[in-house]
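Please examine the model shown here with attention to its aromatic rings, its surface and its helices. The paragraphs that follow take these topics in turn.

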Amino acid sequence: MHAAADRIHSLPQRYGRRTLVLLGLIAVLGLGPRAYAVVHPVANPADDSHAYFGLAKAIYEEGSFGGPSFHDSSDWSPGAPWLYAAAFAVTGGAREGTARIVEALLGLATILVVFALGERLGRAASRPGSKELGSAVGLLSAFAVAVYPPFIHSTGELMSEPPAMLLLPAAILAWLWAADAGAERHPLARWLVPGVLFGALAMFRPEYLLVGIAFALLTAIRIVLERGWKRALATAAIFLAAMIVLILPWTVRNYVVLERVVPISTGGGKALYVGTFLPADGEYQRVKAILYERYDHVSLPPQSEALNEVNPVPLFDQVAARYPDLPRDSALGKIGKQNFSMYFGEDPLGYLGMTARKVGRMWSSGVGAAMSSDAGRAIQILLVALGLVGLVLLGLRRRWWELVSLATPIALVTAVGAISLAAPRRNEVLMTLAFPLAALALSSAVAALSSGRKWSPEQASSPPS
């Protein structure tokens, strides 16, 4: 408690009073539209939003994950339903507004955490002893999180992204903190923190289980380079144990309910089926439209409100019925593999083109109308391009571990999207990393222009991390 109080009291000295005042104003700015989204939610939320509310309500009212009337409840990750069900228990009722308030508060916390991550990147890329770039990168990152339309849009739905948007930058910050040289007491125990955070992240977004495993490997690599194999193995084991302790109980539950080993959720089969369906270019809404026309003989435009209201579960059930002896998700996954073999075998260039377009759609747009417009796409592409420049700057300034820690989730989740479903929503969590990188690029450019001399990596370098 005393250590936490000391850190709070040292904030003005560390960041500066002006920086903290500006951060407070940005936090208020970000809370405003999120509060509006709580009161005025999205008119036509996505299918997953209905599912998450239904699951949370079943946990609260029936004590079950979906109940007998909820088909294939294990297709959805458990983190968000359990979090929202806990909020229902605290407030005494299953109300969507309660869950949206939780999302708004998570968004506020995300502003602060992304500020801290951006400030660290700025300090890492600054001249020794300089705080200006760190504060600029942190504040610019926080401002981007506060006003980014998809983040506000998600507050108007009930999704798993808002908790994950907080956990990913927090986990990376914790990993960098644990790896810092000159660790304080209990250096091995410090690795429990990032391990727990990566485990929690995977419970909200299962694709990040792969990211957590990658960070366990990075932990071992970093420690073996600095302190030898024995310390590296012990550290990686502690990290993995902390991550697994949150996931293992749900894995055991899945084994009992599903009678097979499923670490978190079973939605991967459906995602693989959609992502390999070349006639629909691997796009969920187009797949849904094709299936609805095939089985219900009604043609609806892919982006229409009428199609959005169609329940997709019976459609995918009919696809999976091709293999009645397999569980639904396993059947969809098997058909997805067949899709890949057939479409790639018949038209490899066409399939590779679809994969490139999927990744392009994933990164060139965002959830909601604002970032789906032409102007929104242009801004999104600019932000992503600046983020790539930020990664290059970290490399030029020899901040290898900061570079690797941010590039790893971006690369792995993009690869998952390329293989399976690459909807714009998949980039949403990753934008909490893209913003500090873009802010680093912008702040460095402004600093170079204001200095009146040509910037070079040597002028702003610091000792390698």
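**Aromatic pairs, surface and a helix**

Phe239 is buried, because its relative accessibility is 0%; buried means under 20% relative accessible area, exposed over 50%, and partly exposed in between, with a 1.4 Å probe and protein chains only. The model is predicted, and therefore local features need pLDDT of at least 70 and side-chain atom pairs count only at pLDDT 80 or more, whereas totals for chains, interfaces and linings use all residues. Residues are numbered from 1 along each chain as its sequence is written, and side-chain values use heavy atoms, with hydrogens and water left out.

Rings of Phe, Tyr and Trp (for Trp, the six-membered ring) pair if their centres lie within 6.5 Å; planes under 30 degrees apart count as stacked, over 60 as edge-to-face, and the rest as tilted. Among these pairs is that of Trp175 and Trp191, which is edge-to-face, with 6.2 Å centre to centre and 75° between the planes. Trp175 belongs to helix H9 (residues 161–179) and Trp191 to the loop between H9 and helix H10 (192–204), so this pair ties together parts that are 16 residues apart in sequence. Helices (H or I, at least four residues) are DSSP runs, numbered from the N terminus. Both Trp175 and Trp191 are buried.

Phe239 itself pairs with Phe198 in a tilted arrangement, at 5.9 Å centre to centre and 50° between the planes. Because Phe198 lies in helix H10 and Phe239 in helix H12 (residues 229–258), the pair ties together parts that are 41 residues apart in sequence. Phe198 is also buried, with a relative accessible area of 0%. Ring pairs link Trp175, Trp191, Phe198, Phe215, Phe239 and Trp401 into a cluster.

Helix H12 also holds Ile244, which is partly exposed at 41% relative accessibility. Ile244 forms a nonpolar surface patch with Leu248, Val252, Tyr255, Val256, Val257 and Val261, and together they have about 690 Å² of accessible area. Such patches are made of residues with over 30% relative accessible area and no salt bridge, with like charges joined within 9 Å and nonpolar side chains (Val, Leu, Ile, Met, Phe, Trp, Tyr) within 5 Å. A salt bridge is a side-chain nitrogen of Lys or Arg within 4 Å of a carboxyl oxygen of Asp or Glu, and accessible areas come from the Shrake-Rupley method with a 1.4 Å probe, only the protein chains shown counting as cover for residues.

Helix H6 (residues 96–124) is mostly covered, 21 of its 29 residues being buried.

Note on methods. Helix = DSSP H or I, 4+ residues; strand = E, 2+ residues; numbered from the N terminus.
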